[in-house]
Amino acid sequence: MNRTANDPSRRAPKSTTAASPAVLALGVALTLLSGASPAAAEVTVMPSQPITWYVPDDLPTIQAAIDTSGRDDLIVVRAGSYAEALTLGGHTVTIVGEEGAEATIVDASGLAQPVLSFEGSVQGVARVVGLTLQGGEAVSSGGGGVRATSGELTLEECVVRDCKALSGNGGGVWASGGSVRLEHCEVSANQAGSGGGAMGNVRLVGCQVLGNQADQGGGLGFIVEASDCLVAGNTALMNGGGLIAISAPALTGSTFRDNVAGLDGGGLWVSTSGSIHVVGVRLESNLAGGQGGGAFLSCANIDFGQLLELRDSLVAGNQAGDPGTTGLLARQDLGLTTPFSGIHVSHCTFVDNTIDLSAKGTCQVSSSIAWGQDDMLALSSSTYSPLIQSSDVQGSPMAGSVGVIDADPLFVDPQAGDYNLQPGSPCINALGGSGDPDGSGGDMGAFTYHPWVDLGSDLAGSLGAPVLFGNGALTDGSPGVLELTGAAPLADSFLVLGLSAIEMPFQLGVLFPSPDLLPGLVVTDSQGAVPLTFTWPGGMGSGFTIWIQTWVRDPSAPAGWAASNALRATTP
């Protein structure tokens with residue numbers, strides 16, 4: 001066989017530390033008999049080499065491979081379904097599903113045990129990639145799917161589903177004493193008392209948390225981080241349909257959608273004695289039977305300077321039933337409810353739900369959009385006058401507002417959840433200055449208008465695919481730049497400008513723009529680059545669009561030509 005586990009020449013002692021006292025004593029005795037000084041005795045301990053084990057080829061079960069494995073070994077699991085409940089102990093090992101999670105399933109149904117446990121006095125570091133873990137159950141504690149009470153466990157591209165901890169925490173994943181990191185995983189259809197999907201010392205990055213249920217924290221409970229995640233369709237009988245927490249987790253870039261709470265906090269329920277920073281989060285179409293359809297955020301003590309920061313976020317189409325209060329005014333269709341000592345909201349978009357913010361100190365909203373119904377924003381402070389500034393607010397602005405407009409923001413497609421700004425929106429460049437990436441004035445709302453869009457459709461040449469980059473505000477008389485990089489050095493290049501897109505097959509690639517304008521031949525420099533600067537002409541009007549692509553002569557390309565990605569440039 002051509003497998004490491006079956007190659008005797010690659011096998012090594014399992015001990016990777018010092019030799020036993022008996023071996024050392026024997027070594028010293030032999031050197032004394034030979035007349036050498038004990039100080040000159042050398043005992044060489046050969047470290048073991050990692051071994052790759054294949055299941056079921058080398059060992060019939062995954063657990064047998066775990067038990068046999070040494071430090072840093074690799075266990076490769078062939079496609080199939082394995083009726084097992086796995087215990088890692090303190091092993092430092094990597095387990096990989098050879099054909100991914102869809103084809104490699106570990107099913108603990110009927111065993112009344114978690115599918116994967118990482119426990120023991122030894123603090124191991126384990127990694128699991130490309131497995132589906134399903135059917136687990138924690139009878140008297142937490143972690144129906146994955147339980148970590150020691151060590152560091154990472155799951156990548158795994159699925160944890162149909163597991164339960166009905167009298168405990170973390171139906172899908174639970175970490176207490178140990179830690180679990182999930183990367184690009186799906187956690188779905190799990191049940192628990194708290195944290196239906198995951199709970200505890202858990203970090204999720206790029207994951208989907210779908211259709212989980214719990215008494216509180218339907219999707220997630222008391223976790224550390226959920227970044228760039230989708231948390232959708234989860235249900236809590238009480239608080240926190242999407243997430244419940246008593247210390248603020250990192251939630252950057254995550255979406256909470258279609259979650260339901262029987263009481264408060266359809267999307268989020270967070271109550272903490274510290275500050276809360278919500279950045280780049282989408283709260284959409286969540287429902288609370290009580291207050292805070294999108295989020296219920298509160299502070300246990302408002303006398304110590306706790307801050308609520310809400311920035312670059314969307315709160316849209318959330319609903320709540322009970323207009324009761326929790327130390328502040330609550331309204332029908334409540335999006336947020338937050339008693340804090342200071343509240344700062346900036347660059348947010350609020351659509352079709354009311355926002356009630358109550359602070360002891362400063363309470364201000366800036367550079368934001370509130371649209372879909374009149375009187376969406378209700379701000380109050382017991383110390384200072386609340387303030388709305390440089391924002392687009394439907395209906396009469398509150399007293400003391402500064403730089404507030406009341407104009408349709410022109411969302412691209414709000415029915416489909418696209419709240420980007422169309423060309424001609426009064427919110428584009430409305431803040432002045434040069435704060436946007438394209439060098440133009442800042443935009444109101446959560447989503448910056450991008451006049452340049454990369455459409456792909458490149459064709460590789462000798463150095464890979466050339467890259468065309470464009471930047472500039474595309475306003476009358478504004479400067480801009482087009483730069484080609486990664487092309488063949490000292491090669492003829494042709495810039496193609498079109499007033500429409502044709503996406504026509506050409507030279508084994510795709511010609512994206514219609515060839516309406518060909519400015520002429522430009523030779524790339526010794527690095528395969530062409531930098532071009534321009535001044536955008538006046539009088540083009542809002543919404544004028546041009547398509548751009550560069551073609552380069554390259555003998556190494558399939559038909560002698562390489563092509564850059566195409567760009568679409570649209571005036572604001």
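Guide: Sort the residues that line the largest pocket and you get 13 nonpolar, three polar and one charged. Keep in mind as we go that this is a predicted model. The pocket's volume is about 260 Å³. It is lined by 17 residues, and those closest to its centre are Leu482, Leu497, Trp536, Ile546 and Ile548. If you'd like to trace the lining by element, look at strand 49 (492-498), strand 53 (530-535) and strand 54 (545-553), which each give two or more residues to it. Strand 53 has the largest share, with four residues.

Now for the nonpolar cores. The largest one has 77 residues, and Leu153, Leu155, Leu182 and Phe350 are the members that touch the most others. Strand 14, residues 173-183, gives the most to this core: four residues. Apart from that core lies another, of 17 residues, including Ala487, Ala488, Val530 and Leu567.

Last stop, the cysteines. Cys185 is buried, at a relative accessible area of 4%, and Cys427 is buried too, at 0%. What about a bond for Cys185? Its closest cysteine sulfur is the one in Cys207, 4.8 Å away, which is too far for a bond, because a disulfide needs the two sulfur atoms within 2.5 Å. By that rule, the count of disulfides comes to zero.

Terms used
Residues are numbered from 1 along each chain as its sequence is written. This is a predicted model: local features need pLDDT of at least 70, side-chain atom pairs count only at pLDDT 80 or more; totals for chains, interfaces and linings use all residues. Side-chain values use heavy atoms; hydrogens and water are left out. Buried means under 20% relative accessible area, exposed over 50%, partly exposed in between (1.4 Å probe, protein chains only). On a 1 Å grid over the protein atoms alone, a cavity is a set of points where a 1.4 Å probe fits but cannot get out, and a pocket is an open set with protein on both sides within 12 Å along at least five of seven lines; lining residues have an atom within 4 Å of a point. Grid points are joined across faces, edges and corners, and a volume is the space filled by probe spheres set on the points. Ala, Val, Leu, Ile, Met, Phe, Trp, Tyr, Cys and Pro count as nonpolar, Asp, Glu, Lys and Arg as charged, and the others, Gly among them, as polar. A nonpolar core is a set of buried Ala, Val, Leu, Ile, Met, Phe, Trp, Tyr and Cys residues joined through side-chain atoms within 4.5 Å.
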